[in-house]
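Visitor: I'm new to this one and would like a hand reading it. Could you show me the model, please?

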Amino acid sequence: MTKHPRRLGTAVALALAVALTPGGIGYADDARTPIAVPTVSAPIPGAVPGDRLSPVLADTYPFFSTPDDLARHGYVEQEFHLSGVADGWDQLGVQVATDVPYRTRIIVRRPVHRAAFNGTALVEWQNVTAGYDLDALWNGEAIMRAGYAWIGVSAQRVGVDQLRAWSPTRYGTLDVTGGGTYRADELSYDIFAQAAKALGGPGSPLGRLDVRTLLAVGASQSAARMTVYYQHILPKVEPVFDGYAFIVGNAPTRVGDEPVFQVLSETDVRTPVRPSPDTDRFRRWEVAGGAHSGWRGQEYRNPISVRDLGAAPVYDCALPPFSRVPVHHATAAAYDHLGRWVRSGTPPPVAEPLVFNADGTKARDGLGLAIGGIRYSQLTVPTAVSTGDNAGQSFCFLFGSHQPFDEPTLDRLYPTHGGYLAKVVLADLRNVGAGYLLPADARTNLREAIASGVGR
């Protein structure tokens, strides 16, 4: 394994600190702990369909392998083992271990040909809230049409332990706990950074793709882990990411060199108090009507859950679940802006926040739809009441709600199909012009509106 010179003791590092930043200590570049370059295996053989419990490695396949037609878009999915030694950090940024051996996996979806690559790699911290690795931010349609490389990193114990049991042949040697010593994910921060460091130079899991921009992305629980990293650990270690996207979750308040983009659904905005104002290094978007975990993600994952877990989850929520408002459209636009922000210094557009009443509740219009925020055509030209709120068992509170209008209401709102389509197009043109919606997603909205038959 190739390694950079390391590691300064805590006392020496503190002595070399030269600046204080909100939320943590800032270090001169030569005092920041280098990120090691890990060893990356050859691509692990095996693909869907396969037998996860087979004793033959080539007969197994990657957990939650995407069913998207990658070949049609000129993409390939490959899985690798990542190994080395990692430092451990607690959630306050105190270093608790050095050079602890680890072995994990990364899953890569990338263009086959260099000409199709846009130069930006999205490195996702896999979410483990459900008890297993979840590629919550894999939006295949948007990622592949733009030419991104996507890398999912298994950094946490819960996800790795599930992998080990799911396919002992494929994953039985993985360990991110130092043999059980560090079970609170102390190694996860360094492992995540090392996965990004592995993407450059010889032996890169991206093959011959030339990465120019590295973006760290994480959703919900993963955003919270990335917040700890950015807030407390990044000031002390070598920076490897150019920008950070915190999706439907926490974001740091520390002002750092790397720009921070936070995208929240209506579900996630529970108070009118915003911890940080928009600045030239921080941007926050709030999507009216959007859910923390909406319809599109559920529809994508249901068949994968049946294949890999035996069944798709079923929920009994207080309201019909899964808002249809496309938060993933905001995420796609955010990546586009974040890359430009990193490369040219051009900050993303500011977005109006959601509006709250004096009593602290969300303001709603006569149809029950949220006021303020980014307002996609699914909300401003509604065919249903879509909100970020719900209740009930398990994760219902994250799903938002979707209650279709009855036929008399639709007829009243949209007497003709052409009139309905005109309103959708106008709303989408406004969002494209404001920078909240990519033109390709506007075209998708139009196709869906045409197919809906509303107004006929």
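Visitor: Which residue lies over the face of Trp138?

Guide: Some ground rules first. This is a predicted model, where local features need pLDDT of at least 70, side-chain atom pairs count only at pLDDT 80 or more, and totals for chains, interfaces and linings use all residues. Residues are numbered from 1 along each chain as its sequence is written, and side-chain values use heavy atoms, leaving out hydrogens and water. Now, a charge sits over a ring if NZ of Lys or CZ of Arg is within 6 Å of the ring centre and within 35 degrees of the ring normal. Here Arg109 is over the face of Trp138, 4.9 Å from the ring centre. Arg283 does likewise with Trp341, at 5.8 Å from the ring centre.

Visitor: How many aromatic pairs does a search of the whole structure find?

Guide: In general, you describe a pair of aromatic rings by the distance of the centres and the angle of the planes. Rings of Phe, Tyr and Trp (its six-membered ring) pair if their centres lie within 6.5 Å; planes under 30 degrees apart are stacked, over 60 edge-to-face, and the rest tilted. The search turns up 20 aromatic pairs. One of them is Phe241 with Tyr244, edge-to-face at 5.5 Å centre to centre and 65° between the planes. Phe261 and Trp341 also pair edge-to-face, with 6.4 Å centre to centre and 90° between the planes.

Visitor: Why does the pair of Phe261 and Trp341 tie together parts that are apart in sequence?

Guide: Helices (H or I, at least four residues) and strands (E, at least two) are DSSP runs, numbered from the N terminus. Phe261 belongs to strand 10 (residues 260–265) and Trp341 to helix 8 (residues 327–344), so their pair ties together parts 80 residues apart in sequence.

Visitor: Which residues touch the most other members of the largest nonpolar core?

Guide: As a rule, nonpolar side chains in soluble globular proteins tend to be buried together. Buried means under 20% relative accessible area, exposed over 50%, and partly exposed in between (1.4 Å probe, protein chains only). A nonpolar core is a set of buried Ala, Val, Leu, Ile, Met, Phe, Trp, Tyr and Cys residues joined through side-chain atoms within 4.5 Å. In the largest core, with 117 residues, Ile151, Phe241 and Tyr244 touch the most other members. Helix 8 gives the most to this core, with 8 residues. Contact means heavy atoms within 4.5 Å. Beyond four places in sequence, the contacts of Phe241 include Val123, Phe192, Leu214 and Glu258. Ring pairs also link Phe241 into a cluster with Trp125, Tyr189, Phe192, Tyr230, Tyr244 and Phe246.

Visitor: How many residues of helix 5 are buried?

Guide: Helix 5 (residues 188–197) is mostly covered, with 10 of its 10 residues buried. Those residues pack against strands 4, 5, 6, 7 and 8 and against helix 6.

Visitor: Where is Ser220 found?

Guide: Look in the loop between strand 8 and helix 6. Ser220 isn't a glycine, yet has a positive phi of about 60°. Its relative accessibility is 21%, so Ser220 counts as partly exposed. Ser394 has a positive phi too, about 50°, and is not a glycine either. Ser394 sits in the loop between strand 12 (384–387) and strand 13 (401–404).

Visitor: Which residues does a cis peptide bond join?

Guide: Val48 and Pro49, with omega about -5°. Pro49 is in the loop between strand 3 (39–40) and strand 4.
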